[in-house]
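Colleague: I would like to go through the labels used for this model. Please set each one against its definition.

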Amino acid sequence: MELAGLTVFNELSNSREPFKPLRGKEVRMFVCGPTVQDYMHVGHARTYIFYDLVSRHLAHLGFSMKTVINMTDIDESIVRASESAGVSIGDFIERYMLAYRKDMEGIGVKGLYRFEPVSNYLGEMKRQISELLKRGFAYQADGCIFFDTSKSPHFGDLAHMSRQELSLRPLELYPDKRNILDFSLWRKAPDGAPLFDSPWGKGWPGWHIQDTAVAISELGMQYDIHGGAYELIYPHHEAEIAQAEALNGVRPYVRYWIYTGLVTISGRKMSKSEGNTTYVRDILKDYGSDPLRLYVLSVPYRADMDFDTDGLKAQADALGGMRDRLAHIDERKASRSGARRLAEAFDELLNDDFNAPAALELCRRAVDRPEEALQGGVTIEDVKSALYGLSSILGVDLVG
Ligand SMILES: [Zn+2]
């Protein structure tokens, strides 16, 4: 089924395309989730809020959504962080997993319905690695199993880079790898890490196979949307595509690759060393979810976003002002069609590659100058009922 009107920017083709799901009325989407080593920060929140909007909008258009987000609970950074916190790995993971679920709820993410720890999929990871070995896409060296990227003609397509260009950014430096771009599927575990049994000895799954294990188990060999932040394109998503297409023999593994931009804090990169990590739990305590969602959705999703507390305050004030004006709009002559037009105009903007900034602007105009925005007389109740409906798509209570 082709949905009249909805177009999305697909990173794989580097162009805007009509949205056409693979399974008619059902849309399957996978979003790369967090590594559970710290509390959720505002950069993560931006990504999850955006895909939550995608999910809510598609559901509103009548699609049944099957969406999965993974939680990386096997990673070297977790081993190191739990050591420096002086907590066992198990307790450490449990603490941050719970905190993550709570923050996800706190920021109103309800469209991403499955939240899966990757450690539940170790069996599938091993099955996929065995299959890749059997098919000649993987080999053993340096006590690890590597994916042979020379067998993958499309490696680099998503990043729009040649193998030579990618070679300037080599990762995973092992002396016996066949090609500089090869990445590990199974490897030696870092010191202090729990070890997992496998047919190739005790070890640890590579990062990329963790995601294809979750995604292929839950969404099948081919699905509609893969999301995440831009920085995940290489090596993570190139590797996911190489693995999945080698395993399944189906191309493209994912139809639409959609990305969110970077978040900086007052113009600076957010990092532990800068000491400017901005946690969602603190924002929720002081402001609640609505101003944060509005802030995120008021920036074009592919653009970089600069976050600061003044900006958050401004969103909170603007929302308060809007609710206040809405409560005091003069009664006007009734015209149900006005409210319908508002909802239609809103849908059209979200159909335009999820143009939430313009959709929000439309809502503001509807409150400030209802006659103009709605092209006709409306009552308070008409505007309110339209905005109630739009609030549930945005995940923001515009009406108060
Ligand atoms: Zn991922």
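Modeller: A crossing is left-handed if the near helix is turned anticlockwise from the far one by less than a right angle, and right-handed if clockwise. By that rule, α10 passes α12 in a left-handed crossing. Helices here are DSSP runs (H or I, at least four residues), strands are E runs of at least two, and both are numbered from the N terminus. This is a predicted model: local features need pLDDT of at least 70, side-chain atom pairs count only at pLDDT 80 or more, and totals for chains, interfaces and linings use all residues. Residues are numbered from 1 along each chain as its sequence is written.

Colleague: What angle and axis distance describe the packing of α10 and α12?

Modeller: Helix α10 (residues 309–327) and helix α12 (residues 356–368) pack at about 35°, with axes 9 Å apart. Axes are lines fitted to C-alpha atoms, for helices over the stretch in contact, and angles run from 0 to 180 degrees between N-to-C directions.

Colleague: Which residues make that contact?

Modeller: Met-322, Arg-325 and Leu-326 of α10 meet Arg-364, Val-367 and Asp-368 of α12. Contact needs C-beta atoms, placed from the backbone, within 7 Å.

Colleague: Why is Asp-73 called buried?

Modeller: Buried takes 20 or more other C-beta atoms within 10 Å of the residue's own, exposed 12 or fewer, and partly exposed lies in between; C-beta atoms are placed from the backbone. Asp-73 has 23 within 10 Å, so Asp-73 is buried. Asp-73 is found in the loop between β4 (64–71) and α2 (76–85). Beyond four places in sequence, its contacts include Val-36, Ile-93 and Met-97.

Colleague: What makes Asn-14 exposed?

Modeller: Asn-14 has 11 other C-beta atoms within 10 Å, so Asn-14 is exposed. Asn-14 lies in the loop between β1 and β2 (15–18). Its phi is near 60°, a positive value in a residue other than glycine.

Colleague: And why is Glu-172 called partly exposed?

Modeller: Glu-172 has 17 C-beta neighbours inside 10 Å, so Glu-172 counts as partly exposed. Glu-172 also has a positive phi, about 55°, although it is not a glycine.

Colleague: Where does Pro-235 lie, and what is the peptide bond from Tyr-234?

Modeller: That bond is cis, with omega near 5°. Pro-235 lies in helix α7 (residues 233–248). The bond from Arg-251 to Pro-252 is cis as well, with omega near -5°. Pro-252 is found in the loop between α7 and β11.

How values were computed
Contact = placed C-beta atoms within 7 Å.
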